[in-house]
Amino acid sequence: MTGEIGFGLNGARRNVSAGASQRLIDVLREELDATSAKKACGIGRCGACMVLMNGALTNACLLMMWQVEGVEIVTPEGLDAVAEAAFVRQGLTEENAFQCGYCAPGFTVTLTALLREMAKPDEADIRAALGGNLCRCTGYHSIIRGALRAVELRAAAVAALPEPA
Ligand code: FES
Ligand code: FES
């Protein structure tokens, strides 16, 4: 059965005609021109498709369209509006975290969600948070360094804020 489904996508209201059994990742990529979330395994194992749903980290390949009605979705294209993402992007870039880059959007969304949840995650916290993200290229060392650098950058930015009057 196909019906109209409305949801927020990166701050804009979108209405799509979709079958209830269609998955969000396919609708994003094939109908809404939002291709930065990737589809790889399609079964919730690799994290390439990570998005934020109402602020929570979610695999878009596991979301059926009927679950999306009325929610707010942020894809990697929408991370400019999430303050923590700037530190994550900078940290990963400084450490040359990726090789082919296919996994990069998913890792970036996951680490952004982590920085929103924890003030100063350590390496163990980062490794635990990244349990659902797979990278076939890097061996993870550069990604972990990039994540730790993002934590440092955010801490430095917070320390530089003026004291409240
Ligand atoms: S494509 Fe969704 S977890 Fe792999
Ligand atoms: S850099 Fe190639 S899959 Fe991660």
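**View 1. Gly8 stands opposite Arg13 of strand S2.** This is a predicted model, in which local features need pLDDT of at least 70, side-chain atom pairs count only at pLDDT 80 or more, and totals for chains, interfaces and linings use all residues. Residues are numbered from 1 along each chain as its sequence is written, while chains are lettered from A and ligands numbered from 1 in the order in which they are written. Strand S1 (residues 2–9) runs antiparallel to S2, joined by 8 bridges. Strands (E, at least two residues) and helices (H or I, at least four) are DSSP runs, numbered from the N terminus. Two strands pair if DSSP finds at least two bridges between them. The hairpin of S1 and S2 has 2 residues between the strands, and Asn10 takes a positive phi near 50 degrees there.

**View 2. S1 and S5 pair in the parallel sense.** The pairing spans 2 bridges. Leu9 has Ile73 in S5 as its bridge partner.

**View 3. S3 and S5 run antiparallel.** Strand S3 covers residues 50–53 and strand S5 residues 72–74. They are joined by 2 bridges. Val74 in S5 is the bridge partner of Leu52.

Helix H3 (residues 104–117) packs on the sheet and touches S3 and S4. Contact here requires C-beta atoms, placed from the backbone, within 7 Å. The direction of H3 makes about 35 degrees with that of S3. Axes are lines fitted to C-alpha atoms, for helices over the stretch in contact, and angles run from 0 to 180 degrees between N-to-C directions.

**View 4. The open sheet has 5 strands and mixed pairing.** Their order is S2-S1-S5-S3-S4. Strand S2 (12–19) and strand S4 (56–59) stand at the edges with a single partner strand each, so one side of each lacks a neighbour in the sheet. Neighbouring strands are turned by 40 degrees against each other on average, direction ignored.

**View 5. The protein chain holds 5 helices and 5 strands.** From the N terminus, the elements run β-β-α-β-β-β-α-α-α-α. The radius of gyration, 16 Å, is close to the 15 Å of the globule rule for 165 residues, so the chain is as compact as a globular protein of that length. That radius is taken over C-alpha atoms, and the rule is 2.2 Å times the number of residues to the power 0.38. The C-alpha atoms fill a box of roughly 50 × 45 × 25 Å along the principal axes.

How values were computed: Contact = placed C-beta atoms within 7 Å.
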